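Have the sequence and the 3D view open as you read.

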Amino acid sequence: MSTAEHAPTATVFAPSPLLTITLDAAPNGDTELHVHAGGQGHWIARMATNLGMDVTLTGAFGGESGGVLRDLIHREGITVRAVDVGHESGSYIHDRRDGDRTEVATIDPPHLARHALDDLYGITLESGASSDIVLLGGPHTGSVVPADFYRRLTTDLRSLSKPVVADLSGPTATAALQGGLTVLKMSHEDLIEDGRAESDDPDVLIDAMRALHDEGADIVVLSRAADPALALVDGTVLEVVTPDLEQTDHHGAGDSMSAGIATGLARGMSIEEALALGGAAGTANVTRRGLGTGQLGLVETVMATVEVRPFSS
């Protein structure tokens, strides 16, 4: 997967990017302070950029934290299309000096007023219409944008013949399915929490995946923590078997998988190859701290060991 060729373009919808501040322990025992951009949409955008995509992120930014966020994202090589709002962007402070994440403080992102929603919709549709693929991240809280925003957006993007990959759950996933999706990626925990599956039994999960397909997803991908991810493609269930690398931090593996799948599709890979790239991106992510930060070389190396095969229960 060479990045020397023309880079495919992607728009990532990230309605509520976050400013993240983390206290960590240095190898010598001192305290380290890390300030980064965060939020699901940004983590997806970061991994897609690492994989060689030309990425534009659309989202709402406000106040001092919003200004810092925009600069941090820009430094990562991501183009930012921002709607300026009159309230501070969301942020959090975590302390993980003892090895576990402890929440110190959280500021939720603001609810977007009507004009801000209209502006955000407009720039996302404009950017998406000129991109090779569109990825949808979820809001940090349910009050940032109404769920129907996702239905309208997917409906219009599909009318413009744009492939749409969504990493969503809950009401936003239901709304996006009404508009139609190329790929819906979800975790099995979210599937159960949403009441779409009663257990993690594979047969139960597969029945739920078929229902999601019937609701509007061409392809359904279900991550299953340590177990191989499942994918429903043209009525066939596949499993994505990745190498068992030691985990440093499992957070963000699903976001990286979504970015990898979208990158593969935008590059013209088969769905099996795109799933392998997604599995490799998720696996590379867990070997390091920092969400959506797996290096391209490692992802390519891991991809060669990923097996996508028919699932057998």
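## A residue in the first helix

Thr 49 sits in helix H1. Keep in mind that this is a predicted model.

Is Thr 49 buried or exposed? With a relative accessibility of 18%, Thr 49 counts as buried, because the cut-off for buried is under 20%. Leaving aside residues up to four places away in sequence, Thr 49 touches Val 55, Glu 76, Gly 77 and Ile 78.

## H1 against H8

Two packed helices are described by the angle between their axes and the distance between the axes. For H1 (residues 40-50) and H8 (residues 253-266), the axes come within 8 Å and cross at roughly 50°. The two helices are therefore oblique to each other, and H1 passes H8 in a right-handed crossing.

Which residues do the touching? On the H1 side there are Gln 40, Trp 43, Ile 44, Met 47 and Ala 48, and they meet Asp 255, Ser 256, Ala 259 and Thr 263 of H8. Sorted by class, that contact has 5 nonpolar, 3 polar and 1 charged residues. A bit of helix geometry is handy when reading such lists: an α-helix has 3.6 residues a turn, so residues three or four places apart point the same way.

## A closer look at H8

H8 is largely enclosed by the rest of the structure, because 10 of its 14 residues are buried. The buried set is Asp 255, Ser 256, Met 257, Ser 258, Ala 259, Gly 260, Ile 261, Ala 262, Thr 263 and Gly 264.

Its length checks out too: 14 residues at 1.5 Å a residue should span 20 Å, and the end C-alpha atoms of H8 are 20 Å apart, which agrees. Just after H8 comes Gly 268, with a positive phi of about 85°.

## H4 against H5

Another helix pair is H4 (residues 148-159) with H5 (residues 170-179), whose axes come within 7 Å and cross at roughly 25°. How are these two oriented? The cut-off for roughly parallel is under 35 degrees, and H4 and H5 are therefore roughly parallel to each other. H4 passes H5 in a right-handed crossing.

From H4, the contact draws on Asp 148, Tyr 150, Arg 151, Thr 154, Thr 155 and Arg 158, which meet Thr 172, Ala 175, Ala 176, Gln 178 and Gly 179 in H5.

How values were computed:
Residues numbered from 1 in each chain as written. Predicted model: local features only at pLDDT ≥ 70, side-chain atom pairs only at ≥ 80, totals over all residues. Heavy atoms only, no water. Axes fitted to C-alpha atoms, helices over the stretch in contact; angles between N-to-C directions. Helix = DSSP H or I, 4+ residues; strand = E, 2+ residues; numbered from the N terminus. Parallel < 35°, antiparallel > 145°, perpendicular 65-115°, else oblique. Left-handed = near helix turned anticlockwise from the far one by under 90°. Contact = heavy atoms within 4.5 Å. Nonpolar A, V, L, I, M, F, W, Y, C, P; charged D, E, K, R; others polar. Expected span 1.5 Å × (residues − 1). Buried < 20%, exposed > 50% of the residue type's maximum accessible area, 1.4 Å probe, protein only.
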